[in-house]
Amino acid sequence: ANAARLPTPPTNAAGDAVSVDVMVDVVWQMPVQNGTNTSGADNLQADTSSAFALAYFMPDANFAGYDGFVLEGPEVAFRDGWRRQHLQARFGDMERIKNECAEWFRAVFIASLQGEGGYRLVDMPGEGILTIRAGIGDLDIAAPFLASDIDPGFTLAQGGTSATMIVELFDSSTGQILARLFDPGQEASTNFDTPVTRYSNERDARVLFGGWAEKLRARLDADR
């Protein structure tokens with residue numbers, strides 16, 4: 001299988017690629033006008049009618065010829081300042097949380113695209129295969145479970161799970177980028193008076209990721 005990689009970000013004025021966090025911060029400051037605003041140096045054009053918060057497509061992009069996909073990633077990055085708000089979180093805690101979120105993301109996207117959409121999941125590029133390169137930026141889990149927790153059963157918190165999806169779509173056989181998509185979201189199954197558990201954290205993440213997967217599947221299905 002392909003190794004997880006960060007989405008290919010736009011380049012800065014010097015031609016250097018920017019990180020997934022910078023990519024998220026910069027893109028929200030870009031004025032968006034349908035068909036005129038571009039993302040990076042690849043001349044993708046904005047589509048303000050998209051279900052995604054920000055969506056850039058290659059002009060005349062059409063996904064009708066794709067019946068399979070390779071899923072790369074997602075790479076996961078916490079919200080800036082998250083570590084300062086959770087001083088007890090150690091490196092091992094953060095790596096575990098990122099790995100869990102990546103695992104849930106992949107499971108949900110594969111279930112939606114393959115199980116519900118009928119698209120083939122493959123390991124190698126080829127004709128009719130779409131490469132989906134994914135990232136999760138600005139990840140914020142209000143009540144993470146840490147190795148230092150005395151009682152890991154539950155805690156009380158507000159906020160749930162929030163993050164920004166970054167997805168790029170490529171023709172796998174040519175490497176041509178077809179789309180770059182951004183979508184922030186938040187999901188909270190509990191409130192301040194309700195215990196947050198390890199299971200509610202997972203549920204919130206899966207529901208959030210599932211919403212993104214449904215949007216992507218609907219966009220691909222629209223060209224069928």
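This is a predicted model: local features need pLDDT of at least 70, side-chain atom pairs count only at pLDDT 80 or more; totals for chains, interfaces and linings use all residues.
Beyond its neighbours within four places in sequence, Phe-109 is in contact with Leu-71, Gln-114, Met-165, Phe-209, Trp-212, Ala-213 and Leu-216.

Next, show the rings around this point. Phe-105, Phe-109, Phe-209 and Trp-212 are linked into a cluster by ring pairs.

Now widen the selection to the largest nonpolar core, which has 43 residues. Those touching the most other members are Phe-63, Phe-109, Ile-132, Leu-169, Leu-181, Phe-209 and Leu-216. Colour the elements that give two or more residues to this core: strands S3 (54-57), S4 (68-78), S6 (129-141), S8 (161-171) and S9 (177-187), together with helices H3 (91-116) and H4 (198-221). Which element gives the most to this core? Helix H3 does, with 10 residues. Apart from this core lies another, of eight residues, including Leu-54, Tyr-56, Ile-166 and Phe-170.

Go on to Phe-63 and Tyr-66, which are both buried. There are six aromatic pairs in the count. Phe-63 and Tyr-66 form a tilted one, with 6.3 Å centre to centre and 50 degrees between the planes.

Two arginines come next. Select Arg-219 with Phe-57: the charged end of Arg-219 sits over the ring, 4.9 Å from its centre. Then select Arg-224, which lies over the face of Tyr-119 at 3.8 Å from the ring centre.

Finish at Gly-126, in the loop between strand S5 (120-121) and S6. Leaving out residues up to four places away in sequence, Gly-126 touches Ser-172 and Ser-173. From Gly-126 to Phe-69 the C-alpha to C-alpha distance is 9.3 Å, and the two are 57 residues apart in sequence.

Methods. Residues are numbered from 1 along each chain as its sequence is written. Side-chain values use heavy atoms; hydrogens and water are left out. A nonpolar core is a set of buried Ala, Val, Leu, Ile, Met, Phe, Trp, Tyr and Cys residues joined through side-chain atoms within 4.5 Å. Buried means under 20% relative accessible area, exposed over 50%, partly exposed in between (1.4 Å probe, protein chains only). Helices (H or I, at least four residues) and strands (E, at least two) are DSSP runs, numbered from the N terminus. Contact means heavy atoms within 4.5 Å. Rings of Phe, Tyr and Trp (its six-membered ring) pair if their centres lie within 6.5 Å; planes under 30 degrees apart count as stacked, over 60 as edge-to-face and the rest as tilted. A charge sits over a ring if NZ of Lys or CZ of Arg is within 6 Å of the ring centre and within 35 degrees of the ring normal.
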